[in-house]
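This report concerns charged side chains and the contacts between them. Please keep the sequence and the structure in view while reading.

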Amino acid sequence: MPKRDSHIKSYKLKNGETRYMFHAYLGKDPVTEQPIQITKRKFATYNEAKEVYDELIAKGVKGYIKPKQHTVDEVYKVWFEAYKETIKQSTANKTAINYKVHIKPWFGNDYIDQIDTAKFQSWVNSLYKNLVKYKEVINRFSQIYDYGAALRYCQKIYNPVNAVIIPRKTKRRRRNIQKNFYTLDQLKQFLKVAEKQNYRSYTYFLLLATSGIRKSEALALTWSDIDWEAKTVSITKTLALGIDNKLIVQTPKSLTSNRPIPLTEHMISVLKEYRKQQKIICPIIFHGISNNYVNLSKPDRWLQAIYNADKSLKKITIHGFRHTYATLNKNQERTDVEAVMGHNSIEMTEHYTHATQEGMENIRSYMNSLNI
């Protein structure tokens, strides 16, 4: 019996069946002078593997056909088509923007199996210096690369994310939110100016400050979300940017974001007055000229107009009104406040499921006492 070629190896499948493979060195690429090595597997018999191996060795580099290489951009497009079906449109849109702005300019035209480590490290360093959520972008690249590996366009073990040093977040990079809120007096001063400047803006910011809802949740509200008798507003949807930056209405941020919120007596009266002032009754509370949802950037312009009307006002971000609500309620039952605000955690989910009417009424009563 002739001696078997040691280059031909046998291995077992999960079902116990035997298959054969080999790893062959064919020589050097005449252009790049890089060694050409090839691996073939899944042969049913030793003889099949041996026949292919001998043929490849005989032809050497002349018989070698290099597999088509794929760019990072080509892999991204295939990956994104599958990925976007598993997430909300707003997340898909954010991912597409991150790729277009932060990944494509650096690596879009590079072959995914030829990513230069030094270049990749420079990219990581640049992200760290210029982007707060830099790790999010790096993780997206890693997902794209691993998908390319699954398609056999590259090898997972050579994922450049694993070959570079990723800087750690430091305290100095954290956004300073300690002053991004109003005290009660500052809020009253702001609302006084807002009411004189524009009643819609006044209604919008009063709602944010006295309910703790998010900017996009408020913009998605319709009049049917208001329960005038119970004096609550139901948060069941949020406004967001979908794929290609198209404005869409989608489910709230998390399970606990879907919630009823107690409104103050004054907030109810302001909403009634605001509705009365509208020349055209539109289902959307904060609608635009064409009775559609307003752009997500619109409240920033409302806020800037108020600040322009009184230069002495302290400036905070729109999200600062949510911080203001939390600060005003700092002495209330924490879990009740967080349940109303829609904070997402196991503790909050469990608490919200069993939240009592008494807890909501305590918060309403306290907010009423502030005379906002």
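The sections below treat salt bridges, their surroundings and a patch of charge.

## Basis of the report

The model is predicted, so local features need pLDDT of at least 70 and side-chain atom pairs count only at pLDDT 80 or more, whereas totals for chains, interfaces and linings use all residues. Residues are numbered from 1 along each chain as its sequence is written, and side-chain values use heavy atoms, with hydrogens and water left out.

A salt bridge is counted where a side-chain nitrogen of Lys or Arg lies within 4 Å of a carboxyl oxygen of Asp or Glu. By this rule the structure holds 15 salt bridges.

One of them joins Lys50 to Asp5, with 2.7 Å between the closest N and O atoms. This pair links distant parts of the chain, 45 residues apart: Lys50 belongs to helix H1 (residues 46–59), while Asp5 lies in the segment before strand S1 (8–12). Helices (H or I, at least four residues) and strands (E, at least two) are DSSP runs, numbered from the N terminus. Lys50 also forms a salt bridge with Asp54, where the closest N and O atoms are 3.1 Å apart. Here both residues, Lys50 and Asp54, lie in helix H1, four residues apart, which is about one turn of the helix.

## Exposure within the network

Residues are called buried under 20% relative accessible area, exposed over 50%, and partly exposed in between (1.4 Å probe, protein chains only). Asp5 is buried because its relative accessible area is 16%. Lys50, at 23%, is partly exposed, and Asp54 is partly exposed at 35%.

## A bridge between two helices

Another salt bridge is formed by the side chains of Lys215 and Asp300, at 3.2 Å from N to O. This pair also links distant parts of the chain, with Lys215 in helix H8 (residues 215–219) and Asp300 in helix H10 (residues 298–309), 85 residues apart. Lys215 counts as partly exposed because its relative accessibility is 26%; Asp300 is partly exposed at 40%.

## A patch of positive charge

Lys133, Lys135, Arg168 and Lys169 form a patch of positive charge on the surface. Residues in such a patch have over 30% relative accessible area and no salt bridge, and like charges are joined within 9 Å. Lys and Arg count as positive, and the place of a charge is taken as NZ of Lys or CZ of Arg. Accessible areas come from the Shrake-Rupley method with a 1.4 Å probe.

Lys135 lies in helix H5 (residues 134–150). Its relative accessible area is 35%, so Lys135 is partly exposed.

Key. Patches are made of residues with over 30% relative accessible area and no salt bridge: like charges are joined within 9 Å, nonpolar side chains (Val, Leu, Ile, Met, Phe, Trp, Tyr) within 5 Å.
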